[in-house]
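Open the structure in your viewer and get ready to select residues by number. This tour goes stop by stop.

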Amino acid sequence: MTIISAGTVVLGGSALDAVCRPGWLEISGDRILGCGSGTAPRSVDVDFPEGVVVPGFVDMHVHGGGGFSYTTDDPDEVARAAEFHRAHGTTTTLASLVTAAPEVLLAQVQTLADAVRAGIVAGIHLEGPWLSSARCGAHDMTQLRDPDPAEIDSLLAAADGAIRMVTIAPELPGADVAIERFVDAGVIVAVGHTDASYEETKRALQLGATVGTHVFNGMRPLHHRDPGPALALLEEARVTVELIADGVHLHPALVHQVAITAGSERVALITDAMAAAGMPDGSYRLGGLDVEVSGSVARLRERATIAGSTATMDALFRTAATGLESASDSAYRHAVAMTATTPARTLGFSDVGVLAPGASADLVVLDSQLRVRAVARRGVWAAVGGAPFSR
């Protein structure tokens, strides 16, 4: 058993007393045995007197990082991408795929399903191919298609329960049937990359969709006579709203306002990161498309469309925690909610996203500048900054 003490421990969840100054955690194996405020119940093994301990981050939308991609049939590349993001505090991740030819997509799903069974990633997110050609963003327009029951069934069979979420444009022919099929299979349905009307989006929510894929990005814009999908998603209390808070995809004021109006219990900050995250500017690939990164902004080479991000979850946490009253208890609670608790609850993961007795020992130790100092996943300390953490 290990006792960890820190100047600040943010437990997560909805409790108003979730911020402990100081705080402690007791870990045994891969589980948290206890936690609380003040002095630890016995001698401390690891002390971070100036540190901030938070639940491991949960990224429900990410395509790769560190020069590696999830859009591959190479299992080693999948593991390296997950390792990169783990060093930045992401202990639970969905591996997001992009639009591809049926046989390519099926092979990638099979590879990622193996990674899910191995515990490398927590599930698969299919972002495409059932998207709007008018709002496809950085997806291969030549491979977009309407939902086909036979293809859906083949993907579900290949994944064998590993597909956790799928993004669909609800205005496409066959979308209603597809939404119902995925919901019946226990898959979370997200509305995104869509030119749907307000009414079409409402229909998708009635059929069981519960997530908005990177809201405002890749969808019909809000208009005072044609509110479109964004308003329909924001006004529905049971919908989780993904936001890419990297300072490129959305204006910080918009992120701040959505977090206030929708509430941090409904907002999941996502990286939408691609292979270039953490890497120098240059040429990369997102699925089958060429991407150029300049000034850390990724864009398709051919049409200058933003192609995912180069963000990491620790950077999004810093943005959230300092965008309100810096280092306040309220700021920490909301930042943890949007980067851990809310996405974990949305995905149905009951033992991550919080620091609580019985929960997985997934935690991130941040320094006084909210930069990652150490990461534990299931009680195992991961490498940070190229070197393993030593107690």
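The stops below cover a listed site, a histidine in a strand, a sheet and some aromatic rings. Keep in mind that this is a predicted model.

**Stop 1: the listed site**

Now zoom in on Asn217. Look for it in the loop between strand S13 (211-212) and helix H6 (228-235). Is Asn217 buried or exposed? Its relative accessible area is 15%, under the 20% cut-off, so Asn217 counts as buried. Show its contacts next. Beyond neighbours within four places in sequence, Asn217 is in contact with Ile244, His249 and Leu250.

His249 sits in the loop between strand S14 (240-243) and helix H7 (252-262). His249 is buried too, with a relative accessible area of 13%. Which residues does His249 contact, leaving aside neighbours within four places in sequence? They are Asn217, Ile244, Asp272, Ile306, Gly308 and Ser309.

**Stop 2: His125**

Select strand S10, residues 123-127, and pick out His125. Its relative accessibility is 0%, so His125 counts as buried. The side chains of His125 and Thr167 are joined by a polar contact of 2.8 Å. Then show what else surrounds His125. Not counting residues up to four places away in sequence, His125 touches Met60, His61, Leu94, Ala95, Ser96, Leu97, Met165, Val166 and Thr167.

**Stop 3: a sheet of three strands**

Switch to a cartoon view. Colour S16, S17 and S18: these three strands form an open, antiparallel sheet in that order. Which strands stand at the edges? They are S16 (282-286) and S18 (297-300); each has a single partner strand, so one side of each is left without a neighbour in the sheet. From one strand to the next, the twist averages 35 degrees.

**Stop 4: aromatic pairs**

Show the aromatic side chains. How many aromatic pairs are there? The count comes to two.

Start with Phe57 and Phe317. Their rings form a tilted pair, 5.6 Å centre to centre with 35 degrees between the planes. This pair links distant parts of the chain: Phe57 is in strand S6 (residues 57-62) and Phe317 is in helix H8 (residues 313-323), 260 residues apart. Phe57 is buried, at 1% relative accessible area. Phe317 is buried as well, at 0%.

Move on to Trp130 and Phe182. Their ring centres are 5.8 Å apart and their planes stand at 45 degrees, so this pair is tilted. Trp130 lies in the loop between S10 and helix H3 (149-159), while Phe182 lies in helix H4 (residues 175-184), so the pair ties together parts that are 52 residues apart in sequence. Both Trp130 and Phe182 are buried. That S10 is the strand that holds His125 from the second stop.

How values were computed: Residues numbered from 1 in each chain as written. Predicted model: local features only at pLDDT ≥ 70, side-chain atom pairs only at ≥ 80, totals over all residues. Heavy atoms only, no water. Helix = DSSP H or I, 4+ residues; strand = E, 2+ residues; numbered from the N terminus. Buried < 20%, exposed > 50% of the residue type's maximum accessible area, 1.4 Å probe, protein only. Contact = heavy atoms within 4.5 Å. Polar contact = N/O pair within 3.5 Å; in protein donor to acceptor, adjacent residues only side chain to side chain. Pairing = 2+ DSSP bridges. Axes fitted to C-alpha atoms, helices over the stretch in contact; angles between N-to-C directions. Phe/Tyr/Trp six-rings, centres within 6.5 Å; stacked < 30°, edge-to-face > 60°.
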